Amino acid sequence: MKLRASLSPLFFASALASTLALALLPVAAHADKLDDIKKAGVLRVAAFDGNPPFGYVDASSKKIVGLDIDYANELGKKLGVKVEIVPTNPANRIPLLSSNKVDLVFANFTITEDRAKVIDFSIPYFASGQQFLAKKGVLKNADGIKDIRVGTDKGTTMETTLREKYPDTKVVLYDDTPLGLAALRNGNIQAFSQDGSKLTAILAALPDKEKYEIPAFAISEEYEGVGVPKGETRLVAFLNDWLRDLEKTGTAQQIYDKWFGPQSKSPLPRLFKIGDTRLRDK
Amino acid sequence: MLSHFDTSQLLAPKYLLWMWHGFQTTLLLSATTVVLATLLGFFLAAARSSAHPGLRLPAAAYTSLFRNTPLLVQLLFWYFGVPGLFPEGTMEWLNATHSVRLLGVVTLSWPSFEFLAAMIGVVLYSTAYVSEEIRAGMRGVPATQSLAGAAIGLTRLQVVHYIVLPQAVRIALPPLLGQYMNILKNTSLTMAIGLAELSYTSRQVEAETFRTFQAFGFATLLYIVAIALIESVGHWHLQARLAHDGKGRH
């Protein structure tokens, strides 16, 4: 009796799983998203609508714009189809793809092993990493980290990375980013460490931003790629060629400069080019 | 039942060591504060009891200012607010390492700015409370005692030194020990300004190991041990006093 009670849910689950697998298998074998998109004449893309500068609603045009949107539009041009943006939040990116509500995800999508089990990724077209915000001239390269006092947020991976890679550095932890910034501006710490793209937004908001800089090196790496439904190998190969091409023609650099270039609101040195396997240490 | 005890759920020695270092910082900050706040508290209590309004009024203002604002805000003020007023270069000097070799044996190193700001904040705050306990102790000594001292020709300072203070300290000691316990507990707020004391390190351990119960449980245990030590001083003093009084009656 006890045995049956504990076995039956398992039995149902496995029966369900095998039924699903049987139902999906022929579809997966014949599907070719690339042809489907061309035939439909519409490319449905999931993108952020509240994460500047990757994807956000522009205050004047009320349209979703950003670095990810520019990439999606470039792809639309290449395929000769219309691009339809579907707003998403981080948690919905995989469900939207696997339920076929969208064809691709362009949403600052970090490539991880766990995610790669459920969906496929293109090669990365953007990379970010843990970087530093410091007074100009204080920190020139990664060797300088061990000689200064670095502040960061409590309870983040930033602290762990610093401790593991630079055990001699004096790390001071603050409750949140504004307190860490206050410490930096008062000279309690010489550098504040966070994700590079977050630091640019912080730097842009500082009243005396001309005194500070984000030195062109990172101590950890995260790569963002295009999210593709699982098993679409032809589409992935197409995307990879297209991305490498964008780098060759200079379009990738143009898009980057529009959002992170020296003239942009949040300048961030470009450490990664499409096709690179690592962030560069300039 | 005990055989089910999963030792893998315990904190690794490395993390216990982190928290032990944090505990040492907590004890150092508390001990320094107790000594400084008591010394300053005597002066403040004397100023508040002074007949001269030029001393009495500022002392009263100090007490209400520091007792009526939250300690956390005071700490943020000393750590984040004040350095903005320092001339350029001061913070660089304060944050650099300076050390002095004494007699070639002991090396005294300059504390971090986190420790300095924490010490200034907690000392100034605690002085207001400690001085009030001392003042209460002094008021507990009957005025006739001072008058009697004056009558036998002692100066005002001698009256305070030989007659009022010894009795005042006896009266004030139990509430003072309570204030010292408060000081120890209040040092936990300094984690907001980045001082790596016990609460700060327990949070650090929690963030790294995800062993929430163990990290905060161990910190609680260490705080209890420290508070129990202060309490035992009170008990020991009470016992000694009872024994002394008992002898006196024979």
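How many salt bridges are there between chain A and chain B? The count is three. A salt bridge here is a side-chain nitrogen of Lys or Arg within 4 Å of a carboxyl oxygen of Asp or Glu.

Some ground rules. This is a predicted model, where local features need pLDDT of at least 70 and side-chain atom pairs count only at pLDDT 80 or more, while totals for chains, interfaces and linings use all residues. Residues are numbered from 1 along each chain as its sequence is written, chains are lettered from A and ligands numbered from 1 in the order in which they are written, and side-chain values use heavy atoms, with hydrogens and water left out.

Let's start where the chains meet. In one of the pairings, B:Glu208 and A:Arg163 join their side chains in a salt bridge, at 2.1 Å from N to O.

Which elements of chain A give two or more residues to the side that touches chain B? They are α6 (157–165), β11 (170–174) and α7 (177–186). Helices (H or I, at least four residues) and strands (E, at least two) are DSSP runs, numbered from the N terminus. The largest share, five residues, comes from β11(A).

Now the totals. On chain A, 19 residues are in contact with 21 residues of chain B. Contact means heavy atoms within 4.5 Å. The two chains bury about 1600 Å² between them, 47% of it on carbon and sulfur atoms. Buried area is the accessible area (1.4 Å probe) that two parts lose on being put together, summed over both. A:Lys154, A:Asn186 and A:Asn188 supply 32% of the area that chain A buries against chain B, more than any other three residues.

Next, salt bridges elsewhere. Take A:Asp120 and A:Lys230, whose closest N and O atoms are 3.1 Å apart. This pair links distant parts of the chain, 110 residues apart: A:Asp120 sits in strand β7 (residues 119–121), and A:Lys230 in the loop between β15 (227–229) and α9. A:Asp120 is buried, at 16% relative accessible area. A:Lys230 is partly exposed, at 46%. Buried means under 20%, exposed over 50%, partly exposed in between (1.4 Å probe, protein chains only).

Other pairs sit within one helix. A:Glu74 bridges to A:Lys77 at 3.2 Å between the closest N and O atoms. They are three residues apart in helix α3 of chain A, about one helical turn. A:Lys77 is exposed, at 63% relative accessibility. In chain B, B:Arg48, B:Arg67, B:Glu132 and B:Arg135 form a network of salt bridges.

Last stop: helix α10 of chain A, residues 251–260. Which of its residues are buried? A:Thr251, A:Ala252, A:Ile255, A:Tyr256, A:Trp259 and A:Phe260. Seen down the axis, they fall within an arc of 140°, so they line one face of α10(A). That arc is taken from the directions from the helix axis to the C-beta atoms. The face turned away carries the exposed residues A:Gln254 and A:Lys258. The buried residues of α10(A) pack against several elements of chain A, including α3 (67–79), α8 (196–205) and α9 (233–249).
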